[in-house]
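Have the model open beside you as you read.

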Amino acid sequence: MAPHRQLPIEQDQHEEIKQLRAIFNAVSDAIIVFDENFCVQHVNEAASQLFDKHYDELIAYQLKDFLMLFPYDVINDYYPKLVENQKFTYKGTMSLQNGIVKYVEFTCEQRSEASGSKICTFRDITAQKMVENERFLSQHMFMDVFNEAVDGIVIFDRAGQLIDVNPSFCDRLNFPKEYLLTKTLTELVEPAYHYKLKKLWRLLQQQGKASGELPIKLKNGDITFFEFTTTANIYSRYYMSIMRDVTEKRRMEQKLLRSEKNFRAIFEDAIEAILIWRHDGVIVNANAASSRTFELPLEELIGTNLQTFINKKDRHVC
């Protein structure tokens, strides 16, 4: 009868062990338990996935087989703590036997003094590390572009306070960076043009981006015009503007406009007939004197082929 009385207890223990084994295998971190001789005693499924080894392969390993996957200096640091039964942690690379490099958070601590067994946990942080590396590279590349760009680059917050400016912008305004970072966009732009800033903020709120032209006062008091393209949500809550100095461009456009007006005045007021035609001979423009010379209204003269007025019988005409 005694065996029958113990059966429910044995069943309960079996169910409890079964549940613990299920939890052990469901843990996302790789867990390996070593006995007092540093031989593998238990391995969960996450460990098999991390090391790309079957259970039967891992159960035949010893602690040194796993430590050899770490950098040499880490192993040297670990052994003294292993002897003293201290908890050991490491965060860095681990080179698997198949050549794949993983980033892990490794923890090893003694389970109990009586058994001498140790529990080692490997948390795979490879994906997280890759994201961090990509973010670092992106920021590094951005800073290279930021510092070497020919155009000015300005980063500012939602209040218009300058957060960062690149060397090109400082050089163009002839102000040191430290001085500019104490300023706001409103302080840099002439009061007469503050309506442009209001339009900038409105577009940023509505569309998340804006472009246009801003006049900014230089250190010597001159006004320089910048074409800007602003993007929202750079560096989380900040804005970034690429500022291109178009002062010389504006000067040339104004000069061309004046030249065009002067040419138009000469063209219209000339006593002689002036015709402008295409390569095929069609007249595309003519002045008032041309209308009198050809005895046609300008609207009829423009669009007529020049050959219409040529006497082809004249032997001097080619």
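A polar contact of 2.3 Å links the side chains of Thr-230 and Ser-241. A polar contact here is a pair of N or O atoms within 3.5 Å; within protein, one must be able to donate a hydrogen and the other to accept it, and residues adjacent in sequence count only if both atoms are side-chain atoms. Before going further, please note that this is a predicted model, in which local features need pLDDT of at least 70 and side-chain atom pairs count only at pLDDT 80 or more, while totals for chains, interfaces and linings use all residues. Residues are numbered from 1 along each chain as its sequence is written, and side-chain values use heavy atoms, with hydrogens and water left out.

Thr-230 sits in strand 9, residues 223–234. Strands (E, at least two residues) and helices (H or I, at least four) are DSSP runs, numbered from the N terminus. Is Thr-230 buried or exposed? With a relative accessible area of 1%, Thr-230 is buried, since buried means under 20% relative accessible area, exposed over 50%, and partly exposed in between (1.4 Å probe, protein chains only). Setting aside neighbours within four places in sequence, the contacts of Thr-230 include Phe-156, Leu-200, Tyr-239, Met-240 and Ser-241, where contact means heavy atoms within 4.5 Å. Met-240 is ten residues from Thr-230 along the chain, and their C-alpha atoms are 5.5 Å apart.

On a 1 Å grid over the protein atoms alone, a cavity is a set of points where a 1.4 Å probe fits but cannot get out; a pocket is an open set with protein on both sides within 12 Å along at least five of seven lines, and lining residues have an atom within 4 Å of a point. The second largest cavity holds about 40 Å³ of space, a volume being the space filled by probe spheres set on the points, which are joined across faces, edges and corners. Its lining has seven nonpolar, two polar and no charged residues; Ala, Val, Leu, Ile, Met, Phe, Trp, Tyr, Cys and Pro count as nonpolar, Asp, Glu, Lys and Arg as charged, and the others, Gly among them, as polar.

The largest cavity has about 70 Å³ of space. Among the residues lining the largest cavity are Phe-51, Lys-53, Asp-65, Leu-96 and Gln-97, and by class the lining divides into six nonpolar, one polar and two charged.

Now for the largest pocket, with about 220 Å³ of space. Leu-20, Arg-21, Phe-24, Ile-31, Val-33, His-42, Arg-111 and Ile-119 form its lining. Helix 1 gives the most, with three residues.

Elsewhere, strand 3 (residues 88–95) and strand 4 (residues 101–110) pair in the antiparallel sense over eight bridges; two strands pair if DSSP finds at least two bridges between them. Phe-88 has Cys-108 in strand 4 as its bridge partner. The two strands form a hairpin with five residues between them, and Gly-99 in the turn has a positive phi of about 95°.

Stepping back, the protein has 13 helices and twelve strands, and 33% of its 318 residues count as buried.
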